[in-house]
Amino acid sequence: IWENSRPKRFWLVVSTKDRIIMKITALFVSDFQKGTQISEKLIAIDFQVKFVEKIDDISDKYAFIIIDLDDKNFGNKNFVKNVKSKSNIFIIGYMNSLKKHSVDSFKKNGCDLILSGSSLLKNIESLTHEIYNKSSQP
């Protein structure tokens with residue numbers, strides 16, 4: 001559908017028995033450069049991005065959540081645990097240096113997937129499609 005030589009954008013909304021999933025991602029990222037890189041890649045594949053600062057800002061409408069585990073505000077086990085307890089949304093955590101003890105601890109507390117920052121940027125498109133397709137299945 002074209003109007004004024006520009007395609008109209010439609011947001012795909014998938015309904016499951018538990019929740020309505022929209023193509024929106026919540027980012028708990030304070031680093032401006034990394035946040036910009038992540039959001040640009042997500043926007044390029046038609047995802048909306050919302051930078052959030054508090055757990056109360058998230059809802060079940062998000063397809064998944066990305067958390068900067070190196071950030072002093074977001075990168076602690078209690079924060080991740082509280083995000084997971086608020087909703088059962090898929091959580092991707094990333095950090096500059098993956099240490100087995102930290103990875104195991106974050107996974108135990110709610111992260112579904114933990115990657116290095118560079119790996120997240122490199123693979124975000126395929127990860128996004130896989131997570132979204134799995135979460136939108138009834």
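Author: Two rings of Phe, Tyr or Trp (for Trp, the six-membered ring) form a pair when their centres lie within 6.5 Å, and the pair is stacked if the planes are under 30 degrees apart, edge-to-face if over 60, and tilted otherwise. The structure is a predicted model, in which local features need pLDDT of at least 70 and side-chain atom pairs pLDDT 80 or more, while totals for chains, interfaces and linings use all residues. Residues are numbered from 1 along each chain as its sequence is written, and side-chain values rest on heavy atoms, without hydrogens or water.

Reader: Which residues do ring pairs link into a cluster?
Author: A search through the whole structure finds four aromatic pairs. Ring pairs also build a cluster, and the residues that they link in it are Phe-28, Phe-74 and Phe-79.

Reader: At what angle do the ring planes of Phe-47 and Phe-64 stand?
Author: The search of the whole structure gives four aromatic pairs. In the pair of Phe-47 and Phe-64 the ring centres are 5.9 Å apart, and the pair is tilted because the planes stand at 55°.

Reader: How many residues apart in sequence are the parts that Phe-47 and Phe-64 tie together?
Author: Helices (H or I, at least four residues) and strands (E, at least two) are DSSP runs numbered from the N terminus. Phe-47 belongs to the loop between helix 1 (32-44) and strand 6 (48-51), whereas Phe-64 belongs to strand 7 (residues 64-68), so the parts that this pair ties together are apart in sequence by 17 residues.

Reader: Is Phe-64 buried or exposed?
Author: Relative accessible area under 20% is called buried, over 50% exposed, and in between partly exposed (1.4 Å probe, protein chains only). Phe-47 counts as buried at 2% relative accessibility, and Phe-64, at 0%, also counts as buried.

Reader: What is the phi of Asp-46 near?
Author: Asp-46 is placed in the loop between helix 1 and strand 6, and its relative accessibility of 36% makes it partly exposed. Asp-46 is a residue other than glycine, yet its phi is positive, near 65°.

Reader: Within what arc do the buried residues of helix 1 fall?
Author: The buried residues of helix 1 are Lys-34, Gly-35, Ile-38, Ser-39 and Leu-42. The arc is taken from the directions from the helix axis to the C-beta atoms. Seen down the axis of helix 1, these buried residues line one face of the helix, because they fall within an arc of 125°.

Reader: Which residues are exposed on the other side of helix 1?
Author: In helix 1, the buried residues include Ile-38 and Leu-42. The other side of helix 1 carries exposed residues, namely Phe-32, Gln-33, Glu-40 and Ala-44.

Reader: Which exposed residues does helix 3 carry on the face turned away from its buried side?
Author: Helix 3 (100-108) has Val-103, Ser-105 and Phe-106 as its buried residues. Viewed down the axis of helix 3, they fall within an arc of 165°, so they line one face of the helix. The face turned away from that buried side carries Lys-100, His-101 and Lys-108.

Reader: What distance separates the C-alpha atoms of Ser-97 and Ser-116?
Author: Ser-97 sits in the loop between strand 8 (90-95) and helix 3, where it is partly exposed with a relative accessible area of 39%. Ser-97 and Ser-116 are 19 residues apart along the chain, and the separation of their C-alpha atoms is 6.4 Å.

Reader: How far apart are the C-alpha atoms of Val-52 and Ala-26?
Author: Val-52 is found in the loop between strand 6 and strand 7, and with a relative accessible area of 2% Val-52 is buried. Along the chain Val-52 and Ala-26 are 26 residues apart, while their C-alpha atoms are separated by 6.3 Å.
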